[in-house]
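Subject: Structure handover

Hello,

Here is the structure we spoke about, with notes on what was found in it. Please look through the sequence and the model first.

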Protein chains: 2
Amino acid sequence: MSLGQEAAELDARDPLASKRAEFDLDPQVAYLDGNSLGAPPRSVARRLEEVVREQWARRLIRSWDEGWWDAPERIGDRIAPLVGSAPGQVVVGDSTSVNLFKLLVAATRLNPGRQEILVDGTTFPTDGYVADSAARLTGHVVRRVAPGEMPGAVSERTAFALVNHVDYRTGELHDLTGITEALHAAGALAVWDLCHSVGAVPVELDAAGVDLAVGCTYKFLNGGPGAPAFSYVPARWQEAFDQPLTGWAGHADPFAMDEGYAGRAGISRARAGTPDILSMLALDAALDVWGDVTVGQVRAKALALGEFFLRCLDELVPGVEVLTPRAPARRGNQVSVRWPGAREALAMLTAQDVICDFRQPEVLRFGLAALYTRYGDVLRAARVLSGWPG
Amino acid sequence: MSLGQEAAELDARDPLASKRAEFDLDPQVAYLDGNSLGAPPRSVARRLEEVVREQWARRLIRSWDEGWWDAPERIGDRIAPLVGSAPGQVVVGDSTSVNLFKLLVAATRLNPGRQEILVDGTTFPTDGYVADSAARLTGHVVRRVAPGEMPGAVSERTAFALVNHVDYRTGELHDLTGITEALHAAGALAVWDLCHSVGAVPVELDAAGVDLAVGCTYKFLNGGPGAPAFSYVPARWQEAFDQPLTGWAGHADPFAMDEGYAGRAGISRARAGTPDILSMLALDAALDVWGDVTVGQVRAKALALGEFFLRCLDELVPGVEVLTPRAPARRGNQVSVRWPGAREALAMLTAQDVICDFRQPEVLRFGLAALYTRYGDVLRAARVLSGWPG
């Protein structure tokens with residue numbers, strides 16, 4: 001059976017194949033960049049129109065009491081099952097960088113008397129920048145360590161470690177449970193960045209005893225460009241959780257307009273300013289695609305997509321250097337290859353409607369968003385890379 | 001001439017009367033809460049549909065290079081003339097609270113060696129909460145002072161003062177130029193919160209030599225619920241501007257993915273994380289209403305609206321306690337009255353389609369957003385308050 005026949009058969013048998021129709025995607029396009037920007041669920045445009053024309057235009061200020069003010073917690077509770085969290089522990093709002101700052105300063109206060117912060121040295125750089133800035137304000141010292149070396153590096157000096165669940169560049173999936181355990185054994189807290197795993201890889205925050213986590217919603221949750229991020233603060237830490245962005249929306253009684261700040265009970269104290277409703281309700285609509293599908297199903301298909309893509313690459317582009325681990329347990333939700341002249345290759349792929357992306361140095365990334373990616377799409381990507389004439 | 005005839009005549013002569021048609025507002029509604037949430041310009045729904053269905057759905061990730069990434073600076077440059085700023089000094093993104101945190105920590109670094117922060121004691125409380133949090137991290141001491149007393153309170157110990165241009169509760173307009181001068185005379189910096197003045201009152205940041213400012217876009221700029229706020233950092237401070245939310249979007253070369261943070265030149269270093277595009281481009285569309293109108297025209301009408309409303313109150317609700325200064329030079333863009341049983345009054349007003357709001361203790365606020373508020377609207381509000389049967 002040819003790869004083309006095989007792709008057609010895999011797509012025909014795919015139990016998630018019908019989900020693609022819930023996204024507004026050109027059938028001609030192989031969209032392999034969901035690891036950077038998820039595709040738009042059709043529900044988003046409809047919902048935005050309703051929010052503007054009905055809620056904002058007709059109900060005006062009253063909409064704040066009719067579902068807007070509590071949207072951060074309500075939408076957080078929709079994300080919670082996707083990351084293995086009980087309700088009341090996830091809240092949506094602000095960018096990932098801003099959420100990181102909240103959590104990292106709070107983490108220093110949850111584990112006082114320890115001066116060191118370990119940061120995933122392979123991480124998406126914003127994590128390191130924000131850790132450096134938090135450390136400068138709190139008097140901590142940041143040390144960069146590869147995730148696999150964290151268990152050996154953590155010590156009684158370590159307040160917490162910030163680790164990426166999936167490496168943004170190589171797509172390697174790190175051992176959330178094992179690294180968390182090792183950090184805890186040394187009395188350090190575990191703060192996880194789920195940007196590249198939420199909505200793609202099963203995440204069990206409660207079960208693993210993760211202390212704090214942050215995640216992004218514009219990749220595999222399809223919330224839209226720059227959609228609000230989320231913070232996870234488990235119930236056991238909420239009372240002691242003391243974050244620095246003390247805007248009125250996290251206050252115990254925001255409309256009392258008290259002079260002093262007192263954080264609201266529960267996850268709400270991770271809120272900062274007025275929630276950004278248009279983006280937030282776009283995300284809310286985007287989450288509707290999860291109504292009849294589990295992360296487990298998505299993961300199963302994504303692994304199969306990755307497996308097939310790797311075979312296509314092996315066959316059509318022999319000798320290509322794959323940066324992503326081949327073992328399914330160590331693979332996140334993308335396949336990255338080193339490709340000399342990656343910028344030019346990206347232009348060639350784009351010209352043939354294969355949309356992926358490029359990261360320094362010379363890395364092409366192919367995201368495997370299982371809700372809308374077809375086996376035929378990854379085959380096309382491999383064919384274009386092989387010089388196949390389109 | 002009766003008040004009713006007078007209102008009709010004022011509306012008929014109003015040079016801004018046609019602007020109301022640019023907003024999606026029910027003709028029956030007297031919307032007097034633009035000081036809390038501006039009304040939706042009709043352009044917003046259209047733009048959001050285009051952003052989702054064309055830019056996001058069709059161009060996908062490529063849209064980041066086609067106007068998304070630079071939107072914070074581009075939209076900042078549209079706001080700049082509304083606050084008396086040269087281009088390249090205003091950037092949009094994040095909530096007001098988050099922007100305040102950036103600016104206040106940065107202000108301590110721009111004026112080192114001084115341990116005191118003065119905060120407007122009458123301010124919207126988020127300003128004080130954020131100042132307290134920033135001071136806790138930087139080792140400063142916060143002192144709360146009424147804006148009018150700042151010139152007497154500032155000293156060689158003061159790093160900066162954070163002052164509200166308009167008091168959110170009473171609507172009093174403070175003397176931005178005079179207070180800034182007094183702060184500068186003592187070697188302190190002046191940080192202004194423009195939330196209740198931008199889009200309503202002429203603001204001359206460059207001319208007054210203001211050091212830093214923050215403002216909100218969901219009130220008189222009609223950007224939508226929780227729309228992104230903005231920061232102003234004048235050119236003379238940009239090189240030294242050193243803010244704590246060091247997300248990748250403020251980096252000199254964000255896609256180099258360098259390990260260390262280096263802020264981009266210019267206003268961009270006030271950016272933090274990935275910009276929230278849906279909300280940001282909704283704001284962009286909302287700013288179109290300023291194409292053929294100046295803040296001066298808006299201010300002239302708003303003062304006339306306020307004058308007429310005060311006369312209506314005096315005549316129809318004699319003895320009502322008006323909290324807003326009557327002198328035009330000291331009035332912001334709202335009229336506040338003390339009203340025992342304000343909550344019940346609010347319900348009665350709302351039932352008659354007069355939408356305003358309520359703040360503790362027993363204050364009714366009537367916003368005078370001149371782009372869509374009619375003289376007949378403020379007369380209706382006074383009539384309902386007078387017990388007039390609707």
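A:Val322 has A:Val337, in strand 10 of chain A, as its bridge partner. Strand 9 of chain A and strand 10 (residues 334-338) of chain A pair in the antiparallel sense over 2 bridges; strands are DSSP runs of E of at least two residues, and helices are runs of H or I of at least four, numbered from the N terminus.

The model is predicted: local features need pLDDT of at least 70, side-chain atom pairs count only at pLDDT 80 or more, and totals for chains, interfaces and linings use all residues. Residues are numbered from 1 along each chain as its sequence is written, chains are lettered from A and ligands numbered from 1 in the order written, and side-chain values use heavy atoms, with hydrogens and water left out.

Sheet in chain A

Four strands form an open antiparallel sheet in the order 9-10-13-12; two strands pair if DSSP finds at least two bridges between them. Strand 9 (321-322) and strand 12 (357-359) of chain A each have a single partner strand, so one side of each is left without a neighbour in the sheet. Helix 11 (residues 295-316) of chain A lies across strand 9, strand 10 and strand 13 (363-367), at about 25° to strand 10. Such angles run from 0 to 180 degrees between N-to-C directions, with axes fitted to C-alpha atoms, for helices over the stretch in contact (heavy atoms within 4.5 Å).

Sheet in chain B

The open sheet here has 7 strands in the order 2-8-7-6-5-3-4, with mixed pairing. Its edge strands are strand 2 (90-92) and strand 4 (141-145) of chain B. Strand 6 (residues 189-193) and strand 7 (residues 212-215) of chain B pair in the parallel sense over 3 bridges, and B:Trp192 has B:Ala213 in strand 7 as its bridge partner. Helix 7 (residues 176-185) of chain B packs on this sheet, touching strand 5 and strand 6, and makes about 150° with strand 6.

Interface

The contact takes 80 residues from chain B and 81 residues from chain A. The buried area (accessible area, 1.4 Å probe, lost on putting the two together, summed over both) is about 6600 Å², of which carbon and sulfur atoms give 63%. In chain B, B:Trp56, B:Tyr129 and B:Pro225 lose the most area to chain A, together 12% of what that side buries.

There are 6 salt bridges between the chains, counted where a side-chain nitrogen of Lys or Arg is within 4 Å of a carboxyl oxygen of Asp or Glu. A:Arg58 forms a salt bridge with B:Asp24, with the closest N and O atoms 3.1 Å apart.

Regards
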